[in-house]
Every structure is written in structure tokens, then in C-alpha cells.
Amino acid sequence: MLNRIRFVICFFISLLVVGDVSAQVSPGLAAYVEGLGHMQSAEWKQAIASFDQALQNDSENAAYFTARGVAKTLAEDFPSAQKDFERSLRLRPNDKETRMWQAVAERLSNWYAMVETGVLYDDNCPREYSIFIFNDLVISYHKPGVADGSDKRSREKFPRAGAWFADLAFGRANVTPALHEIAKKQMEGKQYEAALRTVQRLLALSPESNDALRLEGWARLGYGDAATARASFTRVLTALTTDGDSYAGRAIARARIGDVKGAEEDLKLAKANRSQRVDEAAKAIAEAKGSPLLSRAEAVQAFRSAIEAGAGWDDLVAKALAVRRVMNNERRRYDEWYQSRVRALEAAIMEKPSNADRQIDLAQFLYDNSEVRGEQVEPRSGWRGYRYQTDATKAEEIAHAERIVDGVLEKDANFLRALGLKVRLRLYHGQNADAAQYYDRMIKLGANDVNSTIVYAEMLDAMAWQKSGEAARLRAKDGNVTFSGDWMITTYLTDEGWRQVREHEAMADQFSKLSSETLAKAAAALKGTPRGNYYQAKVFLRTNNLEGARAELEKAIKGDPEMVTAYDLLASTYSRMGDAKKSFELRVAAWNRQETSAGLLLPGARQDIVGTHFKDARVTLDWALTIDPADARIYTYYGVSFIEDEKKNLANNWLQGALAMEEARARQQGTTYTDAGRDTRTIEDFGMSMAVRQRMIEAMKASGAPPADRLALARTNISYEKRIAMAEWTAPVYSAMIPSLTEEVNGPPPQVPEGIVRIALPHVSAGDALFDLQKYAEAEAEYKAVFALQAAYKEFTVDRAENNELNDVRRWAAIGLGHALLKQDKYDEALATFQSLPRTRLMQTKFNEQELAAKKLEQELQQYKESHGILTDQEQQIKELEEMNAANKRMRDEALRDREERNRALEQSRQQRMEEIRQRQKEADERRRQQMEEMRNRQRRSR
């Protein structure tokens, strides 16, 4: 009858009938999936071997031939790859992905090969994937001027190509059974890291699979990630509350993280449900008891003292682990509480399956707890629920409750509790008319108990909200403005419309008043009980009797300290009374009744830091430490407050404490956040550690700390680059959003950094530290790494908008690179780098530091140029032109002087000739005169 019980019974029967999942998996498919896994890890030879095995079992499968051809292409065995592609295309002629890879293999083997050059894509072969594989991969592989015609560095793109191919193949094939088989084999061989990767692929395909979650839990235990294993087993046990092995697994996980009390409870349940792994759980608990825990006060004080004394790294981490262990033994977890209640309610049903009250108890619990509490700490971050829930699982929880109710009503259509919950469920779906029909049936049956009264009040409230909403929608039509072409049209509500508004509002008031009267009756019937106090308080609140409501709610909490709804309502009451501090304290108390968390306090501390109210921030953080001293964010906020308060030594100590607490969290997850880590994780996992180190680097630089210390921090952040998948580059990193004075007080929340920004920043910091250490060539390499990351990011995010923060980091890298190049006397490169900066005003940062830094680089370039007599190309051209003009002038002047000299010589020659002529003329004249004189003398003598 009960669907959940049926599911549990059918599940165990299916295990008996079906047996091991691997029995359903063909050897060919298993080998194919194994090969795809090798492709994701860039293990080409192993992938080829797996695809060989797959084809031995299914020699007519085109997908297997294509996969092997891709593996051979990436292994640079091009002729053999071509044969596989040809065979695949005979079996599947129109497959565009195979045709694309065939062209790629041909072009890689021979750059001048005549192949199809158009980008091939369809639903199975996305455009971005095709562009990357066919264009970028091929073009980067061949490099003109290289002896063998290829650029070996382009092989760095091969792993991404193989992983992309495998991801698409996983999405197309029905690989779930094969993944199960592979994961089990890996678990049997104690290949826990490989098993975890396989299970993650399985969960990506079937996120709600209990089989996959169970496998994940055991794989994580084997890997050493007890903290995440606990959550995985809890999800399984929420769905399958009699799964003994999962209780044993959770017992082991809880014991390893320090929750000995919870582990012992799970051990009892594992035994009760006949787990085969009880001995493993008992051993883990015994080992945990062998390491006695400090008291909470002792552990927290020891860690805080170590922070303030500036203790060494190993000591800090050891003390942080002690804090986490003691907190895990005391921590309230909503997912475990929820699972425990479901287990108890289902066990009660199993004990008396025909008891309708017990069935409705479960349905009521599912309905009441379908709204999951949670928190949102960082600005713009997503809401984090205190137990796993998606929209789909929430809908299923409500549907499950309704199925139970319907099952009870099928057997007894007049069962009042079932009818009452049916009313609530109909109201939840907004089906008020259906809810009223079920309530009418309750009335006809003579329902006059207090629960029915409360149901009636809820129904009246829902109807009041409905009528108020209808009135508001009508009012919104009055003065509504629309546009038609160039005309603006204003619509006003008609008299009939206003009559309907008044009618809806009157009905809403009537329903609300009747609801208050009904609640008063319920409160009177429950007088002297916490529930009675609670409902009486609600009545008082409706009449604005705040003091009366406060008194009633305090009585309710005193009578039932776990009555979370009373805490919530009392917090709201104090808020209405104007006591915001008391309201907030109660809200925190309400949240912590179900989940231990200081998360609600941190946004307030952040605002105080941003507003420079550092003492107030530290008061809030002291409060936060009393709630959850294992939250690394608290120590981070302390450190930032001390940085901004110019208390550098304290700041560094507290930020080191934050890093130690993050490292303690990592170790309970079977990894490390130091540069010794090798496993791949999400950017969100690393985000806080990266942000804390970056803030420490900035503070050290401002205080003149040794560059080597800054370099060590930057190197650790850089080490995460190889542990972060490229898919994480575009992920928002909320954990990196630690407070900063660059935020506006009461202004818009800051932008969320993307993964690529957190990855690029440490390269700039490392470059700055190396520059200060006068290692200019190494600094140059770090700065250029940012350019390479930006190029890879653009390649990865085809057709994506510019990442302004990454551009901002790239500008810092360019400025640093310019200085490093200049120190190496690479003036031309430094100038080109500077000229790559935009000429317009740069992106705004604190005090516009980037623009000032760019101006400083420009000045240093000018000084270097002047001191070394360097001319730019343009200046060189001008100089050469001036020299040419001067030479031409000299030639013209020389020609002019030559001409003048020639003219003077000619004139002198002419003058000489004229003088000679005059002399000859004079001599001739003198001879004529003498002849005439002689002639006259002869004439005189003759006379």
C-alpha cells in the first residue's frame, strides 16, 4: 500500500533477482567505457587497448572504431587512425564527428593534405568542439620553419581534445550499467581514486541513483574523504532507511571525522539491519576512541592561542584538526536529523503497517520539512540548503506525501487527519477550491477537533491571500501605460473594476478576520501547551499586541526548546518591536536548532569590515566562534579586519589560522590544499585558500615583507592550476569573496570572480615577487603565463563575452612584464608591451592604482630611452630624413660654391681677356698714334 515501503521491498527483491549489475553489461560496452575513462585522463595507449577489447567483442560498432581512431590520432599514429575512421564511416556514413576526426588525422599527418576544411557540427558534434578540434588543434600542431613540420608544444591541447571527445561520448551512450561494473572492479582492486572518478561520471548521468551514491560513499572512504562520504551515505539512508551497509559506511565516516557519538548510533543501526560490514565500523570507532578528544573549550582556546602566538604551520593544522573533530562530535546536521526522523517514522509504519495515523505522521513530516533551511553568506552566492534538495526532489517529497494520503483515503475515505493534510497539500498547490471541498467533507463528518480548526484557519488565510492578490492585480491595471506606435495609451479601471476590487478586499478582510477567530479557538483548545502558546501569539500578532505575542512565544520555547517555528515567530515579533539585535539573536538560535552554522553572522561582520567598523566586526566574529569555531571564514574575516585596521602581524597570524582550518577540512576530505596536493577538485574548494593567500600577498607587499615569503604563497596558489579542470575556469568562485574596502558601503554587491581570475592572479604576484628578488627572466615567464591563460580562456570560451576582471589582471601582468623586460635591456619588447595597454582610462581599482602604475612604466621607458640614446622607429626615420636633408643641403651648397667659383674664374678670365684686348687696343692705338705722328713728321719734313 505505502509506496515508499513498496520501493524498499522491491529494491531488495531486485537485488536478489537481478544480482550483480555487471551481469547485464556486455564486455564490449564495459571495455568501451573503460577506454573513454582513459581518454579523459590522456592515457592514449591504455585507451587504444580498451577499444581493441571492445571491438573484439563487437566488431560492427561504428562508435568503437571512431573512439579508437581518435585515441590513435592523439597518440600520433595517423595511418592506423585513418583505417579506423574509414571503417567507421562504412558502418555509419553520415557521422560528422568521424568525418571531422578523419580530416584532422589527415591534416596532422600532412599539412598540405587536401581535406575538407569546413567546420563540421550537428547535435552530436557541437560547433565549439568542432572549431577547437579541427581548427585550433590542427593549426597549432604545424609550425612553419620547424624541421619536422610540427610544433610539439601543441600536444598540450591533446588532453583537452581527448577529454572533450570522451565527455560527449559518455553523454550519448547508455553507459550506466558499464560504469557500475567498472566502479565495482576498481573498488575491488582498491583503486579508490579511479573508482571515484567513475562514480562521479555515473552521478552526472543519474544524480539521484542510490546505487551510485552508495558506491560514492565507499569510494570516498577508501580515498580518505570521510566528510563527503558521510553526506553521500546520508542521502542513501534518507531514501533507503533500512540499508545496513550504508549505516556501517556512515559510522566509519563519522568516526573518522570525530563524530564518535553519531558513529555509535549508526553502528547499532547497521547491526539491526544485518550489515555485513559491522566489523569495519566497529574497528573505525575503536580507532577514533583511541584518540581522545579535547573539550570544545580546550580545543578552541588552544587553536586561538596558537594563532595569536604565530605558531608554525604543522602546529596550527594539528590544532585546527582537533577543533574540527570536537565540533563534528557536537555538530547538529539537518540532513542527519531529517534522515533519522524519516527512519523512525518508517520503522513505526513497518511495525504496524495498517496504522493510518503512523502513515499520516510520515506524510505530515515530509510536507512540513519540504522547505529546507539554508544560508547565503557571500554576496551574490547561491542559497545553500542544509540538506540535499533540488526542485525535482522537493516536488517528489510533496508528491510522496500526497501518495501516502491518497493511499490512506483509499482505505478510509473518512480519516480526518488524512483529509486535513489533503487540504494543506491542495493549498500548497494553490488549488483552494479543491481544498475547500475536502474541508467540507471533514465538516460533514463532524470534525470539531483542534487540528481541524487549525486546518480551517490555514485554508481561510490562503483564501484571504488569494482575494488580496486578485484585488492587487486589478488595481495594477489602473493607470497602466502601453505604447502603440508613437502613441502612449493609459488604461484606467472602470467603475465595475473598482467594484470588484472592493469586493475582493472585503472578502479578504472577512476571511482574515474569520481565520483569526478560528486560531483563537484553536489556541483556547490547546491552552497550557507550547502549541497553544504559539497559536495564541499568532492571534495577538494579528491585533498588533506585540508584547502579548512575545510573552506567549517565550512560554512556547520554554515548554518546547526544539520548536523552531516559535523561534522564527519570536524573531519576527522582536523585529516589529524595533529590537533588531534580539530579533537577529533569535533567528540565529532558530537556525542552529537544526544545523550548526555561524553563516548568518558573517554577512553582518562583512558589512562592518567594509564600513570600517572593525571592533564591531570582531565582536560579531567572537560570537561566531562560539557557534562554529571550525568555520575557516571566521578566521579569514578576523584577518581582513586586522589588515584594514593596520595591525599587520595579527592579520597575518589570523589568515594563517584560516589557511590551517581550510587545510584541516581538506585532510578530512582525504586531500591537502598545500602545493603537495595532486588530486583534481573544483575551484570552489580552493577558492578561499587562494583568496586568503592573495590577500596576505597584498598585505605583505604593502608592509615591505620579504619578497621570498610572497613568492612562496603565490607558488602554492599556482600549484592549484594543474588541479583545476578547464571547465572550472568559467565557474563563479563565491568562496573567494572575502571582505574588501573596495566594496561600497550599502552599495551593490561586488562581482563574483571567475575561476580563471583566481588562477591568473598568483602569476602576477609571483612575477612581482621575482622582480623584487631581481630574477627578471623568471618574472617575465610568470607575467607571460597570464597572457597564455587569457589566450587559452578565449579559445575555451568561444563566442563568450570579454572577462573584464581577467583583462584587468592581464593589464597588471603587462605592466609588470614591461618593467621586467626593461631590466633585461629588452627595450623594444617592453615598449611593445606598454603600447598593448589601452590608451583610454583603465578599469577602476582602489585609488586607480593601475593607471598610476601604467604611468610609471611610461616614465621609466622614457628615462631608459633618454639614458641609452634610443630612438623609436618613427624618431629614427625622422633623424634619417633630417640627415638626408642636411646632406642634400651640403651638396646644394657645394654645388653653389662650385658654380660661384666657376663663375668667378670665368669672370676673371673674361676680365683678363678684356684687359688683354684693351692692352692690345692700347698698343694698337699707340702704334697708330706713332704712325700718324711719323706720317705728320714726314709730311712736315716733306714741306
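Is K394 buried or exposed? Hi everyone, let's start there, and please keep in mind that what we are looking at is a predicted model.

K394 has a relative accessible area of 18%. Buried means under 20%, so K394 counts as buried. You will find K394 in helix 20, which covers residues 391–411. Leaving aside residues up to four places away in sequence, K394 touches S370, E371, Q389 and Y428.

Two packed helices are described by the angle between their axes and the distance between the axes. Here the pair is helix 25, residues 530–542, and helix 27, residues 564–576. They pack at an angle of about 25°, and their axes are 11 Å apart. Angles under 35 degrees count as roughly parallel, so helix 25 and helix 27 are roughly parallel to each other. Helix 25 passes helix 27 in a left-handed crossing. Who makes the contact? From helix 25 we have Y534, K538 and L541, and from helix 27 we have T565, A566, L569, T573 and R576. Sorted by type, the residues of this contact are four nonpolar, two polar and two charged.

Last stop: helix 34, residues 707–719.

Notes: Residues numbered from 1 in each chain as written. Predicted model: local features only at pLDDT ≥ 70, side-chain atom pairs only at ≥ 80, totals over all residues. Heavy atoms only, no water. Axes fitted to C-alpha atoms, helices over the stretch in contact; angles between N-to-C directions. Helix = DSSP H or I, 4+ residues; strand = E, 2+ residues; numbered from the N terminus. Parallel < 35°, antiparallel > 145°, perpendicular 65-115°, else oblique. Left-handed = near helix turned anticlockwise from the far one by under 90°. Contact = heavy atoms within 4.5 Å. Nonpolar A, V, L, I, M, F, W, Y, C, P; charged D, E, K, R; others polar. Buried < 20%, exposed > 50% of the residue type's maximum accessible area, 1.4 Å probe, protein only. Expected span 1.5 Å × (residues − 1).
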